[in-house]
Amino acid sequence: MADIVTPHLPSWDEVAAASRWPTLLIGNGVSINVWSDFRYSALYERAALTSAAQKAFGALGTTDFEGVLDTLWRTRTLLAALGQDTSTVTALYDEVQRGLLDAVHRVHVPWSFVPPATCEAIGREIEKYERVFTLNYDLLVYWGILEKRKVSGTLAVQDFFGPPDPFDPDE
């Protein structure tokens with residue numbers, strides 16, 4: 001089946017002008033636009049993975065750590081439900097997770113390489129929203145907040161990884 005392509009996708013400016021969106025969800029695309037080494041393939045190339053982990057990626061035909069981790073999590077859940085041993089899958093899950101964090105650390109852009117104007121632009125965009133959620137493992141959003149504060153002295157942010165209002169997964 002051929003892919004269906006929408007003849008005209010609206011620009012972000014058109015979408016944003018249509019209504020006020022109180023929440024922004026930031027994904028890896030933002031990071032890749034700043035530092036191409038945040039691409040899944042670059043992370044995979046830099047990860048120190050065993051042959052078993054590499055086989056998992058190969059079997060799934062991907063370099064996407066999140067996809068592999070999701071598959072391993074679901075596999076572990078299914079094996080547990082069937083009363084089967086999950087130790088091998090659990091160990092592989094832990095390895096892939098550590099490999100991802102290690103790879104992000106290895107490829108992370110040095111702060112001195114990111115122009116202050118880029119960080120400030122990220123901060124200005126974040127400022128437009130009541131809530132911002134990032135799925136990224138890098139520091140670019142935080143650097144954007146810091147740069148925006150340095151330039152304008154403002155940008156109130158509540159990080160939900162700690163007090164006073166820690167993240168509540170039930171919300």
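The largest nonpolar core in this predicted model has 31 residues, and those with the most contacts inside it are Leu43, Phe65, Leu72, Val96 and Leu140. A nonpolar core here is a set of buried Ala, Val, Leu, Ile, Met, Phe, Trp, Tyr and Cys residues joined through side-chain atoms within 4.5 Å. Buried means under 20% relative accessible area, exposed over 50%, and partly exposed in between, with a 1.4 Å probe and protein chains only. Two or more core residues come from each of β1 (23-26), α4, α5, α6, α7 (116-127) and α8 (140-152). The largest share, eight residues, is from α6. Those elements are DSSP runs numbered from the N terminus: helices are H or I with at least four residues, strands E with at least two.

A word on the ground rules: this is a predicted model, where local features need pLDDT of at least 70 and side-chain atom pairs pLDDT 80 or more, while totals for chains, interfaces and linings use all residues. Numbering runs from 1 along each chain as its sequence is written, and side-chain values use heavy atoms, with hydrogens and water left out.

Back to Leu140: leaving aside residues up to four places away in sequence, Leu140 touches Ser31, Val34, Phe38, Val109, Val114 and Ile122. Contact means heavy atoms within 4.5 Å.

Now for α4 (residues 51-60), whose buried residues are Ala53, Ala56 and Phe57. They span an arc of only 95 degrees around the axis, so they sit on the same side of α4; the arc is taken from the directions from the helix axis to the C-beta atoms. That buried set packs against α3 (40-46), α5 (65-81) and α6 (87-107). On the other side of α4, Lys55, Gly58 and Ala59 are exposed. Glycine 61 follows α4 with a positive phi, near 60 degrees.

On to the rings. Phe, Tyr and Trp (its six-membered ring) pair if the centres lie within 6.5 Å; planes under 30 degrees apart are stacked, over 60 edge-to-face, the rest tilted.

| Pair | Centres | Planes | Type |
|---|---|---|---|
| Tyr44 and Phe57 | 4.8 Å | 50 degrees | tilted |
| Trp111 and Trp143 | 6.0 Å | 25 degrees | stacked |

Tyr44 is in helix α3 and Phe57 in helix α4, 13 residues apart. Tyr44 is partly exposed at 22% relative accessibility, whereas Phe57 is buried at 1%. Trp111, in the loop between α6 and α7, and Trp143, in helix α8, tie together parts 32 residues apart in sequence. Trp111 is exposed at 53%, and Trp143 is buried at 11%.
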